[in-house]
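Hi,

Here is the structure I promised to pass on to you. Have a look at it first, and then read my notes below.

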Amino acid sequence: MADEEKSSDFEDDMELSHGDRTVIQGVKDFTTALGNRQAYLIVISGASVGKMFKLGEKAVIGRSADCDICLPDEGVSRQHARLEKDQLGTVTIEDLNSTNGTYFNGVRINRHQLRDGDKIQIGSTTILKFSYQDSLDEAIMKNLYESATKDGLTGIFNKKYFLEQIEKDFAYALRHNEVTSMIMFDIDHFKQINDTYGHQAGDYVLRDLARQIRSNLRAEDLFARVGGEEFCIVLRQVDEKRAYVLAERLRRLVEKHKFIWQGTRIKVTISLGVATLFRGNFGKPEEMIAEADKFLYVAKNAGRNRTASALRAG
């Protein structure tokens with residue numbers, strides 16, 4: 001009988017030991033999993049909705065292009081808030097005396113330690129979610145953002161995103177009496193390029209042109225493909241003269257660039273129209289778009305490969 005009890009105790013010890021190992025291994029696996037996850041801010045409301053920002057040791061959030069996390073949204077100060085991560089991985093957000101404040105659960109904060117799932121409001125409309133994500137989560141979120149906002153061929157913003165964003169930019173510029181310019185352009189004789197070299201060559205021209213233009217714009221400029229070969233650029237806080245100078249620089253850039261398709265250079269030029277919002281001269285964004293489009297066709301009718309605006313019609 002004693003031997004049976006001893007045997008039973010031994011089996012219990014074996015089960016307990018195995019259970020302990022399972023628990024310890026589980027904790028180890030969980031800790032490793034957490035170690036493989038990175039801290040992110042995800043924009044869930046605002047102009048950059050869906051965008052993810054991986055956090056390092058320090059980061060500044062603001063409207064300025066110099067900020068680590070640039071959010072060109074209404075109500076965001078040029079340098080709005082600072083994020084800091086300590087040695088234990090704890091992330092803290094601190095408001096930088098912003099005009100419209102930083103909020104957690106509707107309460108304005110100066111400093112707040114972030115926990116997984118916390119939602120922070122920056123300025124008037126932007127809401128950020130703090131979350132730990134692994135590489136798969138990041139890839140999925142990035143893909144969703146890209147497919148919803150970007151043009152599949154050129155990689156720049158699509159027409160849907162452009163129309164949503166111009167509404168916000170226009171309203172903000174009117175409310176704060178800020179100047180905003182728009183450049184509308186398209187590729188001259190694009191159908192002829194497709195007919196002569198084929199649609200794959202046409203796609204190559206669109207991609208390469210978008211890449212060249214984008215590399216010559218500021219981070220805060222909105223650049224979108226709004227039609228087959230038609231593009232639009234929105235320039236915040238840029239007056240008509242500066243917008244015209246930029247348009248001419250882009251025109252010359254495209255004219256001189258070597259578009260080489262299967263060993264053959266394709267001659268590409270663009271025509272551009274410029275419109276500028278100032279002192280409420282447009283009542284709604286559609287009027288501004290129509291003005292830029294009007295000057296685009298002035299440039300085309302004047303012989304193409306030129307820029308037209310109220311300053312200089314072709």
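Before the first stop, one term: a pocket is an open set of grid points where there is protein on both sides within 12 Å along at least five of seven lines, and its lining residues have an atom within 4 Å of a point. Also keep in mind that this is a predicted model.

**The second largest pocket**

So which residues lie nearest the centre of the second largest pocket? They are Arg63, Pro72, Asp73, Tyr172 and Arg236, out of 22 residues that line it. The space inside this pocket comes to about 340 Å³. Sorted by class, its lining has 10 charged, 6 polar and 6 nonpolar residues. Helix α3 (residues 159–175) gives the largest share of that lining, with 5 residues.

**The largest nonpolar core**

The largest nonpolar core holds 31 residues, and Phe185, Ile187 and Leu209 have the most contacts inside it. Several elements give two or more residues to this core, among them β12 (180–187), α5 (199–214), α6 (240–256) and β17 (270–277). The largest share comes from α5, which gives 7 residues. If you click on Phe185, you'll find that it touches Leu209, Ile213, Phe223 and Phe231, and also Ile270 and Leu296, among others, not counting residues up to four places away in sequence.

Is Ser309 buried or exposed? It counts as buried because its relative accessibility is 1%, and the cut-off for buried is under 20%. You'll find Ser309 in the segment after β18 (307–308). Its side chain reaches the backbone nitrogen of Leu311 at 3.0 Å. Leaving aside neighbours within four places in sequence, Ser309 is in contact with Glu240, Tyr244, Val274 and Phe295.

Ser98 sits in the loop between β6 (91–95) and β7 (102–104). With a relative accessible area of 6%, Ser98 is buried too. The side chain of Ser98 makes a polar contact with the side chain of Asp95, at 2.7 Å. Beyond residues up to four places away in sequence, Ser98 touches Ser77, His80 and Arg108.

Now find Thr149: it is 99 residues away from Gly50 along the chain, yet their C-alpha atoms are separated by 9.0 Å.

Cheers

How values were computed
Residues are numbered from 1 along each chain as its sequence is written. This is a predicted model: local features need pLDDT of at least 70, side-chain atom pairs count only at pLDDT 80 or more; totals for chains, interfaces and linings use all residues. Side-chain values use heavy atoms; hydrogens and water are left out. A nonpolar core is a set of buried Ala, Val, Leu, Ile, Met, Phe, Trp, Tyr and Cys residues joined through side-chain atoms within 4.5 Å. Buried means under 20% relative accessible area, exposed over 50%, partly exposed in between (1.4 Å probe, protein chains only). Helices (H or I, at least four residues) and strands (E, at least two) are DSSP runs, numbered from the N terminus. Contact means heavy atoms within 4.5 Å. On a 1 Å grid over the protein atoms alone, a cavity is a set of points where a 1.4 Å probe fits but cannot get out, and a pocket is an open set with protein on both sides within 12 Å along at least five of seven lines; lining residues have an atom within 4 Å of a point. Grid points are joined across faces, edges and corners, and a volume is the space filled by probe spheres set on the points. Ala, Val, Leu, Ile, Met, Phe, Trp, Tyr, Cys and Pro count as nonpolar, Asp, Glu, Lys and Arg as charged, and the others, Gly among them, as polar. A polar contact is a pair of N or O atoms within 3.5 Å; within protein, one must be able to donate a hydrogen and the other to accept it, and residues adjacent in sequence count only if both atoms are side-chain atoms.
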